[in-house]
Amino acid sequence: MNSYEKKNSLEIPLPDPFYYTDSETLKILKIIHNISRKHPVNVLVSGKQGCGKSSIVRQYAAFYQKPLATFQVGILSEPGQLFGEYTLENGETRYKQFLFPEAIQTPNCVIHLEEINRPEHPKALNMLFSLLSDDREVWMDELGTLKVADGVTFFATLNEGDEYIGTELLDPALRDRFYILLMDYLPREVEKEVLTQKTGVDQNQAEAIMEAICALRGNADLAIEISTRTTLMIGEMVAAGGSLRDGIVTSLQTDKEALESILLSLQVEKGVVEKRELDYIRFAPEALEN
Ligand SMILES: Nc1ncnc2c1ncn2[C@@H]1O[C@H](COP(=O)(O)OP(=O)(O)OP(=O)(O)O)[C@@H](O)[C@H]1O
Ligand SMILES: [Mg+2]
């Protein structure tokens with residue numbers, strides 16, 4: 001099965017009961033929904049890794065009861081790849097349509113294009129251009145004319161950390177066709193609330209985690225982004241019996257050396273992670289009992 005077809009179907013997602021956003025963003029999404037009732041509309045959601053971009057698209061679909069389909073633009077290597085592929089069946093070649101053409105022709109569908117700034121092949125976005133522009137249609141040999149249905153909302157998400165600036169920013173002509181929603185991490189107290197609600201850590205644990213997270217985010221020397229996803233991963237570890245140190249060690253994507261200096265700085269500055277001497281034991285049933 002081709003990876004563009006995988007696990008995708010047109011369903012209205014369930015809402016995340018603990019998703020938080022600011023009132024301005026909510027208002028804008030409401031307006032976007034109103035615009036979508038007049039004609040299809042494009043929204044670009046830009047923000048750091050793991051700040052809740054995919055979740056807000058899902059939440060929009062859930063809230064307004066629209067079917068959602070998500071497509072990875074970041075792995076496209078040729079223009080028609082989202083639409084379908086030729087397959088060999090009983091010795092005959094035939095064209096098999098993927099979910100994307102169906103999604104754009106489904107009224108009120110929310111179409112999430114992930115990592116739109118990073119297709120593997122620059123021409124891969126060509127066919128998307130006309131669907132996102134005022135024509136709202138595209139023609140192809142295999143499927144004829146495809147028209148975007150009424151009420152469709154296209155959401156494109158892109159990661160725009162400092163590291164991307166200048167190299168992989170979205171083509172201006174494409175960017176021009178979108179309303180832009182800039183997202184950032186939640187304020188500390190709200191993120192702490194999400195942390196307790198989603199992982200089940202208690203107030204003290206949540207406070208200790210947030211203290212470490214804020215120290216890491218405030219450390220300009222660190223070359224890693226600490227996302228809300230990372231916060232939640234640490235929370236899950238702690239809620240399941242791990243220490244804060246366990247959570248940090250297993251959730252930060254960095255090398256051993258950087259990790260050591262991170263732990264050291266946390267220990268020195270905040271006193272939040274205990275240092276630990278390691279003893280080595282045999283990985284056998286009795287080792288897991290205590
Ligand atoms: N505002 C929020 N309220 C509640 N949970 C959130 C919020 N933002 C992020 N999360 C949680 O953090 C995790 C990451 O969110 P999500 O996948 O939406 O981020 P993303 O920006 O799409 O990440 P990526 O850059 O990797 O695509 C999810 O588990 C999500 O539920
Ligand atoms: Mg995402």
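This report describes a predicted model, taking in turn its ligand site, several helices and a few single residues.

## Around ligand 1

Ligand 1 has 19 residues around it, and those that come nearest are Tyr20, Lys53, Ser54, Ser55 and Lys198. A polar backbone atom of Ser54 lies 2.8 Å from an oxygen atom of ligand 1, while the side chain of Asn159 places an N or O atom 2.9 Å from an oxygen atom of the ligand. The side chain of Arg229 likewise has an N or O atom 2.9 Å from an oxygen atom of ligand 1.

## Helix α2

Lys53, one of the residues that come nearest to ligand 1, belongs to helix α2, which covers residues 53-63. Buried residues of this helix are Lys53, Ile56, Val57, Gln59, Tyr60, Ala61 and Ala62. What do these buried residues of α2 pack against? Their partners are helix α1 together with the strands β1, β2 (68-72), β5 (110-114) and β8 (153-159). Just after the helix, Gln65 adopts a positive phi of about 55°.

## Helices α7 and α8

Two packed helices are described by the angle between their axes and the distance between the axes. For helix α7 (residues 203-217) and helix α8 (residues 228-239), the axes come within 11 Å and cross at roughly 145°, and the crossing is right-handed.

On the α7 side, the residues that meet α8 are Gln205, Ile209, Met210, Ile213 and Arg217, and their counterparts in α8 are Thr228, Thr231, Ile234, Gly235 and Val238. Sorted by type, the residues of this contact comprise 5 nonpolar, 4 polar and 1 charged.

When residues up to four places away in sequence are not counted, Glu191 touches Leu186, Met210, Arg217, Ser227, Thr228 and Thr231. Among these partners, Met210 and Arg217 are also residues of α7 that meet α8, and Thr228 and Thr231 are residues of α8 that meet α7.

Pro40 is located in the loop between α1 (23-36) and β1 (41-47), and it is buried, with a relative accessible area of 11%. Residues up to four places away in sequence being set aside, Pro40 touches Arg136, Val148, Ala149 and Val152. Although 93 residues separate Pro40 from Ser133 in sequence, their C-alpha atoms are 9.8 Å apart in space.

Ser130 lies in helix α4, which spans residues 126-132, and at 19% relative accessibility it counts as buried, because the cut-off is set at under 20%. Beyond its neighbours within four places in sequence, Ser130 is in contact with Asp135, Arg136, Glu137 and Val138.

## Leu266 in helix α10

Leu266 is part of helix α10, made up of residues 256-269, and with a relative accessibility of 1% it counts as buried. How far apart are the C-alpha atoms of Leu266 and Ser46? These two residues are 220 residues apart along the chain, and their C-alpha atoms are separated by 30 Å.

Terms used: Residues are numbered from 1 along each chain as its sequence is written. Chains are lettered from A and ligands numbered from 1 in the order in which they are written. This is a predicted model: local features need pLDDT of at least 70, side-chain atom pairs count only at pLDDT 80 or more; totals for chains, interfaces and linings use all residues. Side-chain values use heavy atoms; hydrogens and water are left out. Contact means heavy atoms within 4.5 Å. Axes are lines fitted to C-alpha atoms, for helices over the stretch in contact, and angles run from 0 to 180 degrees between N-to-C directions. Helices (H or I, at least four residues) and strands (E, at least two) are DSSP runs, numbered from the N terminus. A crossing is left-handed if the near helix is turned anticlockwise from the far one by less than a right angle, and right-handed if clockwise. Ala, Val, Leu, Ile, Met, Phe, Trp, Tyr, Cys and Pro count as nonpolar, Asp, Glu, Lys and Arg as charged, and the others, Gly among them, as polar. A residue is near a molecule or strand if one of its heavy atoms lies within 4 Å of it. A polar contact is a pair of N or O atoms within 3.5 Å; within protein, one must be able to donate a hydrogen and the other to accept it, and residues adjacent in sequence count only if both atoms are side-chain atoms. Buried means under 20% relative accessible area, exposed over 50%, partly exposed in between (1.4 Å probe, protein chains only).
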